[in-house]
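Work through the exercises below with the model open. Each task is followed by its solution.

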Amino acid sequence: MSTLHTLRHGLCGGPFFSLARHAVSSCHVSTVAALVWQLMRAYTLSILTKLARSGNPIVEKEIISWVNKKLSSAGKTSSITSFQDQTISDAAVVIDLIDAIKPGCINYSQTQAAKTTDEKVANAKYAISMARKIGARIYALPEDIVEVKQKMVMTVFACLMARDYIPDMGTVPARNGEEEKSRNGSLDSSSRSEDTDEITTPLGN
């Protein structure tokens, strides 16, 4: 059974809901954190499923390839080699990517030199704020970027990729063979499988 299926049917009074309610009421911080991560993981998997335009799900290397192509096409010199690339820590590549998605939205005078941790955090806060402002549903924290936490960094780029491919992530998926258009082509509704267990990304449990 997929994570999304479990959440959909469990949050409405099932075992998952009971566990979540008990964890919150009992102030079990570690349990609550685990439950929140599962919700975020399910959301990210749903995004990656929507991005898949063929029978093959979106995987890490495809997101990285998209990031670098998007940056290059916008004349940016920044790039990444993986979601553990330490150059990500100053948030410059995230800021550049946001500007590549929506040219002119970034005020580079507000960015820091990133010579200190505080300056890196300031950049990361600005990046997340601007990403959300252009419509990317990012839930990562500035510290996740600064500390280059692989799983959370992946969600940042996945959400930005989703924003670029599907500007309105709230759009109801197309049905009966119809196609939903995006700036980079069409997303056939047949590719939007609800079985997220098929997504081969390093999200963990």
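At 0% relative accessibility, Phe83 counts as buried (buried: under 20% relative accessible area; exposed: over 50%; partly exposed in between; 1.4 Å probe, protein chains only). The model is predicted, with local features needing pLDDT of at least 70 and side-chain atom pairs pLDDT 80 or more, while totals for chains, interfaces and linings use all residues. Residues are numbered from 1 along each chain as its sequence is written, and side-chain values use heavy atoms, without hydrogens and water.

**Exercise 1.** Classify the ring pair of Phe83 and Phe157.

Step 1. The structure holds one aromatic pair (Phe, Tyr or Trp rings, the six-membered one for Trp, with centres within 6.5 Å; planes under 30 degrees apart are stacked, over 60 edge-to-face, the rest tilted).
Step 2. The centres of Phe83 and Phe157 lie 5.9 Å apart and the planes meet at 20°, so the pair is stacked.
Step 3. Phe83 sits in the loop between H4 and H5, and Phe157 in helix H8, 74 residues apart (helices: DSSP runs of H or I, at least four residues; strands: E, at least two; numbered from the N terminus).
Step 4. Phe157 is also buried, because its relative accessibility is 0%.
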